[in-house]
There are 2 protein chains.
Amino acid sequence: MKIVAIREKTFPIASPIRNAVIDFSKMTLSAVAVVTDAVRDGRPVVGYGFNSNGRYGQGALLRERFIPRVLEADPRTLLDETAENLDPRRIWDCAMRNEKPGGHGERSVAVGTLDMAVWDAVAKIARKPLYRLLAERYGDGRVDETVFVYAAGGYYYPGKDHAQLHDEMKRYLDRGYTVVKMKIGGASLDEDLRRIEAVLEVVGKGSALAVDANGRFDLPTALSYGRALSRYGLFWYEEAGDPLDYELQAQLAREYPGPLATGEDRVRGQVRPVPRPPAHRRGVRRFVAPCAKHEGSVH
Amino acid sequence: MKIVAIREKTFPIASPIRNAVIDFSKMTLSAVAVVTDAVRDGRPVVGYGFNSNGRYGQGALLRERFIPRVLEADPRTLLDETAENLDPRRIWDCAMRNEKPGGHGERSVAVGTLDMAVWDAVAKIARKPLYRLLAERYGDGRVDETVFVYAAGGYYYPGKDHAQLHDEMKRYLDRGYTVVKMKIGGASLDEDLRRIEAVLEVVGKGSALAVDANGRFDLPTALSYGRALSRYGLFWYEEAGDPLDYELQAQLAREYPGPLATGEDRVRGQVRPVPRPPAHRRGVRRFVAPCAKHEGSVH
C-alpha cells in the first residue's frame, strides 16, 4: 500500500473576533487530505487533517517542502513493520528531513496538519477509531469513553458588551459545558475584571471559568493580573506571557496561587522545559496544553 | 515619502554540501526589495534584504501576510518623527500585527529579510552606511572600521576527503582569515576527530578553529563530543544540541571547559534565556550568535 496523493487547500476563516494579541479578520486555515490506495468499504482511504485558527494556513510550506518530501520517498520506507499500514513517525521524519533544528512556528503547523491527516488514514486503515488505536499503541489499551471538554470563547469583538458576553456563556452552559474560557488582556485590567465578573454571574463559580491572555503580558502585567485574578479561584490562567518566556512563567507560578496553563507552542520532544513548581507549590495543578497543530505531531 | 512596492523573489541555492542535520540540495533563499519614492542621486531608493542558507526562501509568507500588512498601512504611520525616513521598528510592528506570540521559525526569516531591506533603505535615504547609522542611533557614534570575520565552511559533501578539507581551509587562510569554522556531527566522533586534526594541521592551533554541530546532538552525544574536543582548545563549540534545549546547553556549559556558541535562533526580545554560567565558570567566554534572518530583526 502507499500514499498516492497529498492535497492541501487553504480556506478563509475570517471573523471579527479578537483576543489580546490578534484579530481574526484575515485568518486562514489549511485542510490536508492524504489519499492512499488502501481500500476500506469499497473506497480508497483518505485521511484528513486541518489546523484551527491562530496560525494561518500553511499551504505554501506544505506544497514547497513537506508534501514533496513524502511523495518523493520510496513508499516502502513509509510503512510500518506489517507493511499493511502507514507509519506516522517515519512519515514525520521524512517530512522533516533537511529542516534546521529549532525555530518552529509555521513549520510545526504545516507538518502537524499533515501528521494529523496521516494518523486519520492509519486509523481508518486499521478499521478502528484513532483514540482506541492510540490507547492500544501507547497506553494499556483501555480508553476513556468520555472526555472533558470546555467551551473556548469570550473573544473581544466590535460592539460586544457584557450582556452579549453573558448570553454567549449561557449558551455554552445550555449546551452542557461545565467549564467555559474567555479571553483577557485585550482591554484594561479593570474592564477585564468587569467582564470576568459578568461571566461569573452566569457560570456561578470561578472553578467553571478559565481565562486566556494569549501570551500578551510582560512580567509586571502578568503579576498584576495574577493578583487580581487570584480572588476568583479560576479553573486556570492561560498563557500569561510569551510562550517561550519560561522565566516569566516560573515567576508567575511562584506568586499566583491557582492553576496555570501553557504549552500550546511546545514542539515534539520539547515538553521538558515547562517549569517545575518550587517545592512549596507541589500539588498545585499545572496544565500543559499541547496542540497537534502547534506541536507538529499527534503523538 | 513612502514605500511604493515590496518585491520578493525566491532563488535556488542548491548545493551538494551538508552539515550534521540537513543537505542543501533543494535549498532556496528569498531576496526582498523595498522600493521607496525617496530619490537619492537622481534615482528612487530601493532597500535590499536576503536570507542566507538554512531556512529556505519564505516568499509565500511574505506575499500572504507580511508585505500586504505593510502596504495596506497608512504610509504616515511607518515614518520616523522627521517624516523624512522610514521607521524600521514601526514597520516591524506593522508586519507582525495579528501574529500569535511564540513559535518563530519561517516567520522570523520572512520578517527578518523584510526588516533587512527596510534598514538598507533607511541607510540609503540617510546617505550613510548602515553601520554608521546604527552606531549613531544605538551606540556612542563611534564605529569600528574593522570587524572580525571568520570563514564558515568545512561542510560534508560527497567524495570530500581530508585532503580536500585541508585545501579548503588553506584557501581561507590564503585569503586572510585567521579563524575558520567546520561542521561536525555529520560523521562518527572518530571520523570527526580525524577531520578536525586534518584541519588543525593547516590552521596550526585550536584557537583558530570553530566547530558547529548544527543542533544535532542529544545530551550524551554533546557531552562525549565535548570531552573529546576539550583537548584542542577550540575557538568555539557551536550549537551542540537543539537550540531550544537550554538544559542541554547549561549542562554542557558546566562540563565543557572552552567557549560555547549558540543563539542563532533567538528572536527579538528573547535573548534572555541564554543560560548563565554557574559561578565557578564565570569569565569563560560565551558567544551569542544572533542572526538578522533568524532573529527577525537587524536591531
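1. In chain B, strand 1 and strand 2 (residues 28-40) pair in the antiparallel sense over 9 bridges; strands count as paired if DSSP finds at least two bridges between them. Helices (H or I, at least four residues) and strands (E, at least two) are DSSP runs, numbered from the N terminus. One of the bridges joins B:Arg7 to B:Ala33 of strand 2 of chain B.

2. The model is predicted: local features need pLDDT of at least 70, and side-chain atom pairs count only at pLDDT 80 or more, whereas totals for chains, interfaces and linings use all residues. Residues are numbered from 1 along each chain as its sequence is written, while chains are lettered from A and ligands numbered from 1 in the order in which they are written.

3. The open sheet of chain B has 3 strands in the order 1-2-3, with antiparallel pairing. Strand 1 (3-12) and strand 3 (43-50) of chain B are the edge strands; each has a single partner strand, so one side of each lacks a neighbour in the sheet. On average, neighbouring strands of this sheet are turned by 25 degrees against each other, direction ignored.

4. Helix 1 of chain B packs on this sheet and touches strand 1 and strand 2 of chain B, its direction making about 170 degrees with that of strand 1 of chain B. Helix 3 of chain B lies across strand 2 and strand 3 of chain B and runs at about 145 degrees to strand 3 of chain B. Angles run from 0 to 180 degrees between N-to-C directions, and axes are lines fitted to C-alpha atoms, for helices over the stretch in contact.

5. In chain A, helix 1 (residues 59-72) and helix 3 (residues 106-125) pack at about 75 degrees, with their axes 10 Å apart. Helix 1 of chain A is therefore roughly perpendicular to helix 3 of chain A, a term for angles of 65 to 115 degrees. Helix 1 of chain A contributes A:Leu61, A:Leu62 and A:Phe66 to the contact, and helix 3 of chain A contributes residues including A:Ala110, A:Val111 and A:Leu114.

6. Between the chains, 32 residues of chain B are in contact with 31 residues of chain A; contact requires C-beta atoms, placed from the backbone, to lie within 7 Å. Helix 1 (59-72), helix 3 (106-125) and helix 8 (246-255) of chain B are the elements that each give two or more residues to the chain B side.

Methods
Contact = placed C-beta atoms within 7 Å. Parallel < 35°, antiparallel > 145°, perpendicular 65-115°, else oblique.
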